[in-house]
Every structure is written in C-alpha cells, then in structure tokens.
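Work through the exercises below with the sequence and the 3D structure at hand. Each task is followed by a solution in steps.

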Amino acid sequence: MRGKWIVIAISLWVFSTPAFLRAKGSPDAQQIFELTNQARLDHGLQPLKWSDSLATAAGVHARRVAQEPDLSHQYAGESDLAERAAQAGVHFQAIAENIAAGDSAIMIEKGWMHSVPHRANILDPQMDTVGIAIIEGIGNLYAVADFARLSEQLSSDRIRQKVDDLLIAQGIDTSGPREDALLACRMEHGLPERVTARSVIRFETGDLSRLPDQVVRQLKSGPFIKAAFALCPPSLAGSAFTSYWFAVVLY
C-alpha cells in the first residue's frame, strides 16, 4: 500500500548516528527510523533527516489507524496526507506515506521492505526527511511513516527575486507595475478591469529553480514587451506550506 505520497546491529548504529538524525519519538519509532536509514545507506542513498512536524502529522493518522478495522491512508472525514502535513506546518515538494500493523518495529520494517510500493518510498532518492509515529494497540503496533522532500523556506523578497531571475532568463522585462499583478492575484480568471495588458498567467509551483513548462510555452507564445508579476497570498491557494502561487501580467 502506497500513499499520496535487515536486521542490523542496532547498538552500533545508535552510537554512530549523528544527533540531527536521531528520532525524538518512541523507541519503536526510533528503531524504524534507524532501520530505514540503514536500508538507504545499503543502497547508496543519503539517510533521511527526522522531522518533528512530519511525526506530528503521522501521529494524527496513526491514532485513527489504531481505531479503524482496516488500514487506509485516508478515512471518512479525515484530511488527506498532503493536508495533514500542511496542517502540521511541513513545507514540502513531494510526500508519501507507509502504514502498517505488526507485532514489532523490526517486523513492520521487514514487511515494508518486502512490499514493492513501501520499499519504493523508503528508497526514494528524492525524499530527504521522515517522521514516524507508533501507536500501541492490543497485540499490535500501528505504524505510520511520512516521507517528504522539504521545500526551502525563503522570505517573500527572496521568493520574488528567484522568479524575477527566471523571467529575465526567458527574455522578459519585469519592470511592469506590480500593482497590476497583485490585482490579478485576486481573480481566478481574466484580467482586472482597469489593467490594459495582453495576457495573464497564473501558476503554482513548489520548485523555484525553474518555471513550469506550460509557463515557458505561454511566455514564448507572443511578442510581449513587458511583464509585471506578484507572489499571490497563500490563503487564496488553500495551501500555505506546499506551493507558491504567482500572477504574471504580460503587456
């Protein structure tokens, strides 16, 4: 079971693990964390860092898992994985989840490593962080591991500078009035009435290293002289933690 988005010498691993890679959860969560990172090291991958925020999101779901008759990544009336992580304050570009019930941490980790989708989450090279929660039930441990690739946390000025650089690299003059783009942020479609421009692009991205392909195509679709752009308020996007939203007005 895969969400949107070995036995080792434990004592030796614990003493050699850097402090920033040590889990702050239960001993069972710590053991799964160590086994997960040992599996990644065995496959030439970087170890995952621990996230208290991801562990909080995992704990919210683990408590629900322990109460339900079947394993699921989302139950009726519950937020999905991305929303749970965002509500816990996680800024991420990618996210995935493993869940399981078992009689020990070692057996849970072994089960995940023998399951193709769970193993893929553990060994996903794009993931850099994990949070794990364990709930102890009658005769079972209920485990939830939330994996993520975290987004760089930047100031608004730094975010705007990065996008400005990307637009300039596409040959776009970004000296247009930012007020026009801020007005466009307040609308889902079309241009504000008082703005005399040729087009507007609204887009969402979690990756500030490049413009989305569809945005590049739109920029190349006409002889635009100038542009104005704005970082739109996250409340309009509904996700303050996972993505940035922009409006680009083209003249």
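**Exercise 1. Find the strands that α8 lies across, and give its angle to β6.**

Solution. In this predicted model, helix α8 lies across β5, β6 and β7. Its direction makes an angle of about 55° with β6. Now take helix α7, residues 156-169. Helix α7 lies across β6 and β7, and runs at about 150° to β6.

**Exercise 2. Work out the order of the strands in the open sheet, and state whether the pairing is parallel or antiparallel.**

Solution. Start with the general rule: strands of a sheet pair through backbone hydrogen bonds, in either a parallel or an antiparallel way. Here three strands make up an open sheet, in the order β5-β7-β6, and the pairing is antiparallel. Next, look at the edges. β5 (199-205) and β6 each have a single partner strand, so one side of each has no neighbour in the sheet. From one strand to the next, the twist averages 15°.

Then follow one pair in detail. β5 and β7 (residues 244-250) are joined in the antiparallel sense over seven bridges. Within this pairing, Val200 is opposite Val249 of β7.

**Exercise 3. Locate the disulfide, and state which parts of the chain it ties together.**

Solution. A disulfide is a covalent bond between the sulfur atoms of two cysteines. The cut-off for the sulfur atoms is 2.5 Å. The sulfur atoms of Cys185 and Cys232 are 2.1 Å apart, and the two residues form a disulfide. The count by this rule is one disulfide.

Now place the two ends. Cys185 belongs to helix α8 (residues 178-185), while Cys232 sits in the loop between β6 (227-231) and α10 (234-237), so the link ties together parts 47 residues apart in sequence. The angle about the S-S bond is -80°, and the link of Cys185 and Cys232 is left-handed. Are the two cysteines buried or exposed? Both Cys185 and Cys232 are buried.

**Exercise 4. Compare the span of α2 with the expected span, then state how many of its residues are buried.**

Solution. Helix α2 covers residues 27-42, which is 16 residues. From its first C-alpha to its last, α2 reaches 22 Å, close to the 22 Å expected at 1.5 Å a residue. Next, turn to burial, for which the cut-off is under 20% relative accessible area. Twelve of the 16 residues of α2 are buried, so the helix is largely enclosed by the rest of the structure. Among them are Ala29, Ile32, Phe33, Leu35 and Arg40. Finally, step past the end of the helix: just after α2, Gly44 has a positive phi of about 75°.

Conventions:
Residues numbered from 1 in each chain as written. Predicted model: local features only at pLDDT ≥ 70, side-chain atom pairs only at ≥ 80, totals over all residues. Heavy atoms only, no water. Helix = DSSP H or I, 4+ residues; strand = E, 2+ residues; numbered from the N terminus. Buried < 20%, exposed > 50% of the residue type's maximum accessible area, 1.4 Å probe, protein only. Expected span 1.5 Å × (residues − 1). Pairing = 2+ DSSP bridges. Axes fitted to C-alpha atoms, helices over the stretch in contact; angles between N-to-C directions. Contact = heavy atoms within 4.5 Å.
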